[in-house]
Amino acid sequence: MTNATTMMFNFEAAGYTRRRLVPCFDGFYGAALRALELAEPGPLRAVLDLGTGTGALAAMVAEAHPDARLTLLDGAPAMVAEAAATLGPRAAAAIVQDFGDPLPTGPFDAVVSALAIHHLDDAAKASLYARAHEVLRPGGVLVNAEQVLGATPVLDALLRRWHEREARTLGTTEAEWAAAVERMRHDRCATADAQLEMLGAAGFADVSTHFADGRFAVLAGRRAA
Ligand SMILES: C[S@@+](CC[C@H](N)C(=O)[O-])C[C@H]1O[C@@H](n2cnc3c(N)ncnc32)[C@H](O)[C@@H]1O
């Protein structure tokens with residue numbers, strides 16, 4: 001099912017670029033991979049990627065975890081198609097659906113997500129975290145590499161200025177930044193602290209921020225064994 005946000009991403013699937021718009025790209029995605037080590041016991045075999053986009057995070061998880069097969073989920077058909085092509089036989093399933101729809105039942109060793117859940121309002125975020133908790137096996141981990149809100153309006157404005165400055169320093173063109181600003185108009189970011197609370201309320205243990213740089217944070221929690 002597509003909504004206004006997923007439709008927008010559907011049109012932008014081709015040539016979608018991330019590195020210049022996420023200035024801390026390597027540290028950010030690297031921390032998400034590291035946080036997967038919270039899962040006990042390993043190895044990771046079944047992993048669900050929420051808002052898979054073109055499959056950037058899914059591909060990194062597949063490379064880091066040779067036993068893992070990825071269930072790719074996104075509301076934009078073109079994104080899912082590109083992610084499935086990238087993952088090839090490492091994709092267990094490629095599912096076009098909205099985050100509000102029932103999740104595949106799993107059980108999963110890990111549920112991962114990058115830069116997607118901030119498209120939901122806070123009630124929908126909390127609901128998705130609770131449903132992600134349900135489809136994890138005991139000891140399984142949720143890792144969300146996310147764009148977050150600054151703790152106050154003044155701090156948020158500062159983070160936005162840093163983001164623009166760093167993206168431009170990395171060579172983001174006028175057109176790319178304008179397109180990013182247009183996409184970000186649809187964002188419903190929450191602070192890292194608010195989302196740690198949501199994870200705790202959803203039943204996750206060991207909730208923590210594993211990375212924070214400007215507007216980018218990696219949040220994780222584990223389903224109690
Ligand atoms: C920035 S992209 C994802 C990037 C990707 N995870 C990566 O690591 O490169 C955000 C994705 O979230 C998806 N999305 C946003 N809102 C959604 C919703 N309500 N249901 C399903 N997918 C959604 C969009 O279609 C888009 O593909």
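β1 and strand β2 (residues 69–74) pair in the parallel sense over five bridges. Pairing here requires at least two DSSP bridges between two strands. In β2, arginine 69 is the bridge partner of alanine 46. Strands are DSSP runs (E, at least two residues) and helices are runs of H or I (at least four residues), numbered from the N terminus.

This is a predicted model: local features need pLDDT of at least 70, side-chain atom pairs count only at pLDDT 80 or more, and totals for chains, interfaces and linings use all residues. Residues are numbered from 1 along each chain as its sequence is written, and side-chain values use heavy atoms, with hydrogens and water left out.

**The sheet.** Seven strands form an open sheet with mixed pairing, in the order β3-β2-β1-β4-β5-β7-β6. β3 (91–96) and β6 stand at the edges, each with a single partner strand, so one side of each has no neighbour in the sheet. From one strand to the next, the twist averages 15°.

At one end of that order, β6 and β7 pair in the antiparallel sense over seven bridges. Phenylalanine 211 stands opposite valine 218 in β7. Two residues lie between the strands of this hairpin, where glycine 214 takes a positive phi near 60°.

**Helix α5.** This helix covers residues 122–135, 14 residues in total. From first C-alpha to last, α5 reaches 20 Å, close to the 20 Å expected at 1.5 Å a residue. The expected span is 1.5 Å times one less than the number of residues. Aspartate 121 caps the N-terminal end of α5. One of its side-chain oxygens lies 3.3 Å from the backbone nitrogen of alanine 123.

**The cysteines.** A search of the whole structure finds zero disulfides (pairs of cysteine sulfur atoms within 2.5 Å).

Definitions and conventions. A polar contact is a pair of N or O atoms within 3.5 Å; within protein, one must be able to donate a hydrogen and the other to accept it, and residues adjacent in sequence count only if both atoms are side-chain atoms. Axes are lines fitted to C-alpha atoms, for helices over the stretch in contact, and angles run from 0 to 180 degrees between N-to-C directions.
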